[in-house]
Amino acid sequence: MTLPDELERITALTLADYDQTAERFREGTRDHDVSQNIEALLRHLEGQAPQRILDFGCGPGRDLKTFTRLGHSPVGIDGSAEFVAMARADSGCEVLHQNFLALDLPPAHFDGIFANATLFHVPLSELPRVLKALHATLKPRGVLFSSNPRGDNREGWNGRRYGAYHDFDSWKRYLTDTGFVELEHYYRPAGLPREQQPWLASVWRKV
């Protein structure tokens with residue numbers, strides 16, 4: 001169990017680093033191709049566009065614009081005040097300013113959640129609670145996509161950001177214990193040997 005003071009420190013220092021490097025982060029990730037991940041979420045959504053999609057950890061708003069262009073109704077959420085301002089200005093979408101450990105989300109509201117390179121920032125002690133909040137804000141049979149840097153289930157500081165690095169078996173236990181069923185998982189970038197695929201992507205349905 002991580003003590004409350006330590007959780008507050010983890011959140012504050014990680015978000016401070018994103019705030020301080022926000023412009024550099026935006027320029028460095030502007031052209032990242034995450035179409036494989038977006039398609040993985042969208043192909044499992046039931047019903048027709050527009051779908052309500054929560055971009056969980058939306059950063060500067062790149063993917064909000066993509067979802068809008070594809071005919072959906074995305075809402076962003078991020079703990080970095082700098083990212084929230086950027087995402088609102090660049091996408092024109094609603095963007096909530098909430099950190100991941102203090103979520104206040106409407107029940108059964110979203111068709112899908114896109115958590116691209118974000119949930120790994122949640123300390124292991126808090127992950128069940130955060131996943132329950134995401135499960136609750138999804139509509140019945142809603143879909144959660146997640147992509148995280150894979151690892152050996154250790155957590156700690158990577159520079160000035162905190163992260164937890166899961167292998168698939170560990171990640172699956174957390175999701176199934178929350179009430180999700182697996183739809184698919186894969187490693188990125190596609191087409192490379194496993195040792196050159198640092199990202200674990202997975203898609204889950206609320207049941």
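C58 takes part in none, and the cysteine sulfur nearest to it, that of C93, is 8.8 Å away. C93 is likewise in no disulfide, with the sulfur of C58 as its nearest at 8.8 Å. C58 is buried, with a relative accessible area of 7%, and C93, at 12%, is also counted as buried. Here buried means under 20% relative accessible area, exposed over 50%, and partly exposed in between, for a 1.4 Å probe and protein chains only.

The model is predicted, so local features need pLDDT of at least 70 and side-chain atom pairs count only at pLDDT 80 or more, while totals for chains, interfaces and linings use all residues. Residues are numbered from 1 along each chain as its sequence is written, and side-chain values use heavy atoms, with hydrogens and water left out.

Helix α6 spans residues 127–137, and its buried residues are L127, V130, L131, L134, H135 and T137. Helices (H or I, at least four residues) and strands (E, at least two) are DSSP runs numbered from the N terminus. The buried residues of α6 pack against the strands β1 (52–56), β4 (110–116), β5 (138–149), β8 (180–188) and β9 (199–206), as well as against helix α7 (168–178). Contact in this sense means heavy atoms within 4.5 Å.

The pairing of α6 with α7 can be followed in detail. Their axes lie 9 Å apart and the two helices pack at an angle of about 50 degrees, which makes α6 oblique to α7. Axes are lines fitted to C-alpha atoms, for helices over the stretch in contact, and angles between N-to-C directions run from 0 to 180 degrees. Angles under 35 degrees count as roughly parallel, over 145 as roughly antiparallel, 65 to 115 as roughly perpendicular, and the rest as oblique. α6 passes α7 in a right-handed crossing; a crossing is right-handed if the near helix is turned clockwise from the far one by less than a right angle, and left-handed if anticlockwise. On the α6 side, L127, P128, L131, K132 and H135 meet W171, Y174, L175 and T178 of α7. The residues of this contact divide into 6 nonpolar, 2 polar and 1 charged. In this grouping Ala, Val, Leu, Ile, Met, Phe, Trp, Tyr, Cys and Pro are nonpolar, Asp, Glu, Lys and Arg are charged, and the others, Gly among them, are polar.

A22, E23, F25 and R26 of α2 meet E82, F83, M86 and D90 of α5. By class, this contact has 4 nonpolar, no polar and 4 charged residues.

The backbone also has some points to look out for. A cis peptide bond joins A49 and P50, with omega about 5 degrees, and P50 lies in the loop between α3 (35–42) and β1. Another cis peptide bond joins R188 and P189, with omega about -5 degrees; P189 is in the loop between β8 and β9. A117, a residue other than glycine, has a positive phi near 60 degrees. A117 sits in the loop between β4 and α6 and is partly exposed, with a relative accessible area of 25%. R141, in strand β5, has a positive phi of about 65 degrees although it is not a glycine. At 43% relative accessibility, R141 counts as partly exposed.

Terms used:
A disulfide is a pair of cysteine sulfur atoms within 2.5 Å.
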